[in-house]
Amino acid sequence: VIFYAGFLTLLVSTAFDNRDRRSYGFHSGILTATDPAGQFSQISTPEGMFDWTRDHLLPFLYGTHAWDNATLLASRPGGKRVTSSLASYRLGPTRIRQHRMRP
């Protein structure tokens with residue numbers, strides 16, 4: 001029993017310490033880029049969702065210019081897979097899912 005308690009303590013401390021320290025920056029950057037006014041939670045109609053997708057999400061996911069204002073081409077490193085923040089790549093298709101919650 002003492003061995004299992006020690007093993008569990010070691011496992012939990014390793015898992016707690018083994019986190020990406022840059023994840024907060026990525027998360028806050030994505031939130032800032034896709035919801036600059038903080039009004040995403042107030043969308044209540046399909047038209048509002050489509051407007052947000054057109055105005056904020058798609059320009060973020062499919063950036064057109066690099067940091068030096070050069071056009072992003074497939075021949076450049078990262079090409080068209082990089083987002084407009086130039087900090088992350090799109091690895092697959094974008095999926096928007098609906099998560100329903102009771103008020």
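Colleague: Which residues form a nonpolar patch on the surface, and how much accessible area do they have together?

Modeller: Bearing in mind that this is a predicted model, the nonpolar patch on the surface is formed by Phe 3, Tyr 4, Phe 7, Leu 8, Leu 11 and Val 12, and together these residues have about 710 Å² of accessible area. One of them, Leu 8, lies in helix α1, which covers residues 2–17.

Colleague: What does UniProt list for residues 1–15?

Modeller: The unreviewed UniProt entry lists residues 1–15 as "signal peptide". In the model, this span is 93% helix and 0% strand, and its end C-alpha atoms lie 21 Å apart.

Colleague: How many helices and strands does the chain have?

Modeller: The chain has 3 helices and 0 strands, so that, read from the N terminus on, its elements run α-α-α. Of its 103 residues, 14% count as buried.

Colleague: Which residues of α3 are buried, then?

Modeller: In α3 the buried residues are Trp 52, Thr 53, Leu 57, Phe 60 and Leu 61, and what covers them includes α2, residues 23–34. Helix α3, which spans residues 46–61, also has a kink of about 40°, centred on Thr 53.

Colleague: Is Thr 34 buried or exposed, and why?

Modeller: A residue counts as buried when its relative accessible area is under 20%, and because Thr 34 has 8% relative accessibility, Thr 34 counts as buried. Thr 34 has its place in helix α2, and, not counting residues up to four places away in sequence, Thr 34 touches Trp 52, His 56, Leu 57 and Phe 60.

Colleague: How many salt bridges does a search of the whole structure find?

Modeller: The search finds 2 salt bridges. In one, the side chains of Asp 51 and Arg 54 meet at 3.3 Å, N to O, and in another, the side chains of Arg 54 and Asp 55 meet at 3.2 Å, N to O.

Colleague: Where do Asp 51 and Arg 54 stand in helix α3, and what separates them?

Modeller: The general idea is that an α-helix has 3.6 residues a turn, so residues three or four places apart point the same way. Here, Asp 51 and Arg 54 are separated by about one helical turn, because they are 3 residues apart in helix α3. Asp 51 counts as partly exposed because its relative accessibility is 35%, and Asp 55, at 43% relative accessibility, counts as partly exposed.

Notes:
Residues numbered from 1 in each chain as written. Predicted model: local features only at pLDDT ≥ 70, side-chain atom pairs only at ≥ 80, totals over all residues. Heavy atoms only, no water. Helix = DSSP H or I, 4+ residues; strand = E, 2+ residues; numbered from the N terminus. Buried < 20%, exposed > 50% of the residue type's maximum accessible area, 1.4 Å probe, protein only. Patch = residues over 30% accessible without salt bridge, like charges linked within 9 Å, V, L, I, M, F, W, Y side chains within 5 Å. Areas by Shrake-Rupley, 256 points an atom, 1.4 Å probe, with all protein chains shown as cover. Salt bridge = Lys/Arg side-chain N within 4 Å of Asp/Glu carboxyl O. UniProt positions renumbered as here; feature names shortened; annotations may be inferred. Bend = angle between axes of the 7 residues up to and from the residue. Contact = heavy atoms within 4.5 Å.
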